[in-house]
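Hello,

Here is the structure for you to look over. My notes follow below it.

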Amino acid sequence: MIKCVLVDDETNALEMMEWLLKTYCPQAEAVAMCNTAEKGIEAIYRHRPDVVFLDIEMPRMNGFDMLEQVKNLSFEVVFCTAYDQFAIKAFKYAALNYLLKPVDPDDLKATIQRVEEKKAIPSREQFALLLQHISQSPKSTPPRIALTAGDGLIFVATGDIIYCKAESNYTNVVLTGGRKIMVSRVLKELDETLGGADFYRVHSSFLININHVKKFIRGEGGYIVMDNDDNITISRSRRQEFMELFSKF
């Protein structure tokens with residue numbers, strides 16, 4: 001059984017999550033239901049859970065502060081939040097698990113399945129990355145991102161990303177210095193996470209960092225040359241928008 005500790009200051013939310021686990025995830029058991037962060041800390045030390053479902057906004061001590069009080073993170077964390085889409089983007093940046101309230105049963109089942117398969121204990125660095133992104137402007141690109149590769153996470157500076165290329169169900173992230181990382185996420189997910197002021201989807205297979213564009217070659221279809229001299233295809237439908245993007249400078 002997967003041992004779960006539920007932490008939420010709303011009793012209805014706790015009871016609903018317990019019911020969802022019993023109904024849709026029989027392999028998971030709520031061993032403790034806590035309506036304060038203090039009780040959550042006690043339950044973590046007492047039960048040694050596999051996963052903690054944690055509300056963020058709680059009185060006296062919020063979810064982030066609670067995790068700071070736990071000495072050894074030996075469990076997965078799933079944030080349960082009603083935050084807007086910008087905040088959800090922050091969770092993706094830090095590669096952290098989250099569920100939107102009200103919790104959808106299918107999302108919960110998928111989360112429990114990821115817990116079973118990965119057993120990926122979050123790091124303090126991921127929490128710091130999350131808080132950093134939440135505190136920034138929605139239009140700005142955070143300085144670092146956590147990329148899921150192989151059995152772990154690789155933290156890279158977003159400014160070092162030259163472009164991302166779709167590779168079936170994976171994405172090849174090309175970095176400065178000739179480095180490459182094969183990420184176990186589709187390009188659409190990275191586009192949703194990185195897309196904004198600095199990154200632009202020029203093709204169904206390419207997401208580029210506009211700060212690394214070296215030149216644009218006109219001609220039949222046209223293509224983009226990046227700082228590392230790689231040629232990037234640009235789709236006809238994106239060509240005009242791409243040109244307008246640079247006309248603003």
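Three strands make an open sheet, ordered 13-14-15, with antiparallel pairing. Strand 13 (213-217) and strand 15 (231-233) are the edge strands, each pairing on one side only. From one strand to the next, the twist averages 30°. Strands here are DSSP E runs of at least two residues and helices are H or I runs of at least four, numbered from the N terminus. Two strands pair if DSSP finds at least two bridges between them.

Strand 14 (residues 223-226) pairs with strand 15 over three bridges, antiparallel. Valine 225 has asparagine 231 of strand 15 as its bridge partner.

Some ground rules. The model is predicted: local features need pLDDT of at least 70, side-chain atom pairs count only at pLDDT 80 or more, and totals for chains, interfaces and linings use all residues. Residues are numbered from 1 along each chain as its sequence is written, and side-chain values use heavy atoms, without hydrogens and water.

Now histidine 212. It sits in the loop between strand 12 (206-209) and strand 13. Its relative accessible area is 11%, so histidine 212 counts as buried (under 20%, with a 1.4 Å probe and protein chains only). Its side chain reaches the backbone oxygen of glycine 159 at 2.7 Å. Beyond neighbours within four places in sequence, its contacts (heavy atoms within 4.5 Å) include Asp160, Thr176 and Met226.

Overall, the protein has eight helices and 15 strands. Of its 249 residues, 44% are buried.

Best wishes

Key
Buried < 20%, exposed > 50% of the residue type's maximum accessible area, 1.4 Å probe, protein only. Axes fitted to C-alpha atoms, helices over the stretch in contact; angles between N-to-C directions. Polar contact = N/O pair within 3.5 Å; in protein donor to acceptor, adjacent residues only side chain to side chain.
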